[in-house]
Amino acid sequence: MNNKYIDLIDQTYFFPQEEFTLENEHLKFHNIPLQELVEKYGSPLKFTYLPKISDNINKAKNWFANSIEKNAYKGKYHYCYCTKSSHFQHILHEALKNDIHIETSSAFDINIVEQLKKDGKLKDNAYVICNGFKREQYIENIARLINNGHKNCIPIIDNYEEIDLLSDVIDDTFKIGIRIASEEEPKFEFYTSRLGIGYKNIVPFYENQIKDNDKVELKMLHFFINTGIRDNAYYWNELVKCLKVYTRLKKICPSLDSLNIGGGFPIKNSLAFEYDYQYMIDEILNQINITCQEADVPVPHIFTEFGSFTVGESGGAIYEILYQKQQNDREKWNMIDSSFITTLPDTWAINKRFIMLPINRWNDEYERVLLGGLTCDSDDYYNSEQNMNAIYLPKYRRDKPLYIGFFNTGAYQETIGGYGGLQHCLIPQPKHILIDKDAEGNFTYELFSPQQKAEDLLSILGYETEKSVKKSSNISVKNKITSNV
């Protein structure tokens, strides 16, 4: 009988795949020996495979280069990284190896930009695209960056007051963009995005607040669809509406020369995932060419703000199955040694699915299970794969440890989960490993952060443990020395 786990995968998917291979009964991810990783560091653990970030950036650059040549497109392409996907230094340092630009969404992003410039990682001529609703601190930080000479910082205007707020604190002329408030799909709970300015109001807004403002130069129109860049009637309809606004605006605003189509490239969430990136880019540029030609205006330079696409496929999480609970005739609960709510919060918050595969025991018989986390919360579970309403894993055996991996988890999970802080039910944050390659192509491993300890969490909560008392004492000494100086 074909009742082994490997048989199930073979008859369900094309396997092996580009990033997933099998050696004996052990899974490899981009050739990383995951079983050895677990044996070295234990579980639970998270990891980031840094080369995958550069790999995806250069894939996108090549797709756009091919499409520009194919469509005889006259504009340039600029790849921006959406920092909110992952703000960590090791992520930004890897991404910036590839001559890219930055997109920000809040005040402290600018502090990161300034540190990257100080470290020589971000070029002085790099674009810094500033999205988001801009409160006082964000306005102040943007102004400081521009006043200090970063002329390619482009605040994207989100509401009618931001131009005046920026003008009050920026010393010289500055560039801006305008974000279009896209109309959402009918299934959404609201009709129009809260971000940006409505289609019909863009041109009047330009004429009333920008056209005769000598301090402001409009360079960019920003367009983003919440559901991402997908080959459906809704996306193409919204793109055409955006392009009509662009061509109308271009005719009365010569300085406008760029279109930002935001982020939204999907990442692989199943072994059955299919998406034709090259086709989508070809068709987007083709639509822009057609619309601009019909309106007799030059085509814009293209900006993208890929976040999840940049960093998502670099991340993974590994857990051990601690125990199996038979709760009724049909439901078997495999309990992991961590929590989904705290380590993969999108599985709980938005029902997101990641690729889930066992690390070992692929030659064992399989069974249908549910996966449960350690918190005392009924929502701490994972119960289906992206393309099937069930989870199948090698059969639980007390005498044979089973490890499972969740893959392509590199975007948003750490920041949404509150990295370095309190976790639900005080479940400790797992250790995090950075994986890279040396000059000879060998894997290198670095412990970025150890698993949280009890004293870490108690200190945050205000309890005076020996560690927190010592830390407090050191701060007092430091302050005393400083004051004496």
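# Briefing: buried residues, helix packing and backbone exceptions

Ile 281 is buried, with 1% relative accessible area (buried means under 20%, exposed over 50% and partly exposed in between, with a 1.4 Å probe and protein chains only). This is a predicted model, in which local features need pLDDT of at least 70 and side-chain atom pairs count only at pLDDT 80 or more, while totals for chains, interfaces and linings use all residues. Residues are numbered from 1 along each chain as its sequence is written, and side-chain values use heavy atoms, with hydrogens and water left out.

**Buried residues and their contacts**

- Ile 281 belongs to helix α10 (residues 277-295); helices (H or I, at least four residues) and strands (E, at least two) are DSSP runs, numbered from the N terminus.
- Between Ile 281 and Phe 64 there are 6.6 Å in space, C-alpha to C-alpha, and 217 residues in sequence.
- Leaving out residues up to four places away in sequence, Ile 281 touches Trp 63, Phe 64, Ser 67 and Phe 265 (contact means heavy atoms within 4.5 Å).
- Ser 258 is in strand β12 (residues 258-260) and is buried at 6% relative accessibility.
- The residues that Ser 258 touches, not counting those up to four places away in sequence, include Lys 219, Met 220, Leu 221 and Tyr 246. Pro 300, His 301 and Phe 303 are also among them.
- Asp 364 sits in the loop between β16 (355-358) and β17 (366-372), and it counts as buried at 13% relative accessibility.
- The side chains of Asp 364 and Lys 400 make a polar contact at 3.1 Å. A polar contact is a pair of N or O atoms within 3.5 Å; within protein, one must be able to donate a hydrogen and the other to accept it, and residues adjacent in sequence count only if both atoms are side-chain atoms.

**Helix packing**

- Helix α8 (residues 202-210) and helix α9 (residues 233-252) have axes that come within 10 Å and cross at roughly 25°. Axes are lines fitted to C-alpha atoms, for helices over the stretch in contact, and angles run from 0 to 180 degrees between N-to-C directions.
- α8 and α9 are therefore roughly parallel to each other (angles under 35 degrees count as roughly parallel, over 145 as roughly antiparallel, 65 to 115 as roughly perpendicular and the rest as oblique).
- Ile 202, Val 203, Tyr 206 and Glu 207 of α8 meet Val 245, Arg 248, Leu 249 and Ile 252 of α9.
- Six of the residues in the contact of α8 with α9 are nonpolar, none polar and two charged. Ala, Val, Leu, Ile, Met, Phe, Trp, Tyr, Cys and Pro count as nonpolar, Asp, Glu, Lys and Arg as charged, and the others, Gly among them, as polar.
- Helix α6 (residues 136-147) packs on helix α7 (residues 162-169) at about 50°, with the axes 9 Å apart, which makes α6 oblique to α7.
- The contact involves Ile 139, Ile 142, Ala 143 and Asn 147 of α6 with Leu 165, Leu 166 and Val 169 of α7; by class, six are nonpolar, one polar and none charged.

**Backbone exceptions**

- Most residues other than glycine have a negative phi, and most peptide bonds are trans.
- The peptide bond from Phe 15 to Pro 16 is cis, with omega near 5°, and Pro 16 lies in the loop between α1 (5-12) and β1 (20-23).
- The bond from Ser 43 to Pro 44 is cis, with omega near 0°.
- Asn 408, not a glycine, has a positive phi of about 65° and is buried at 3% relative accessibility.
- Cys 425, not a glycine, has a positive phi of about 60° and is partly exposed at 40% relative accessible area.
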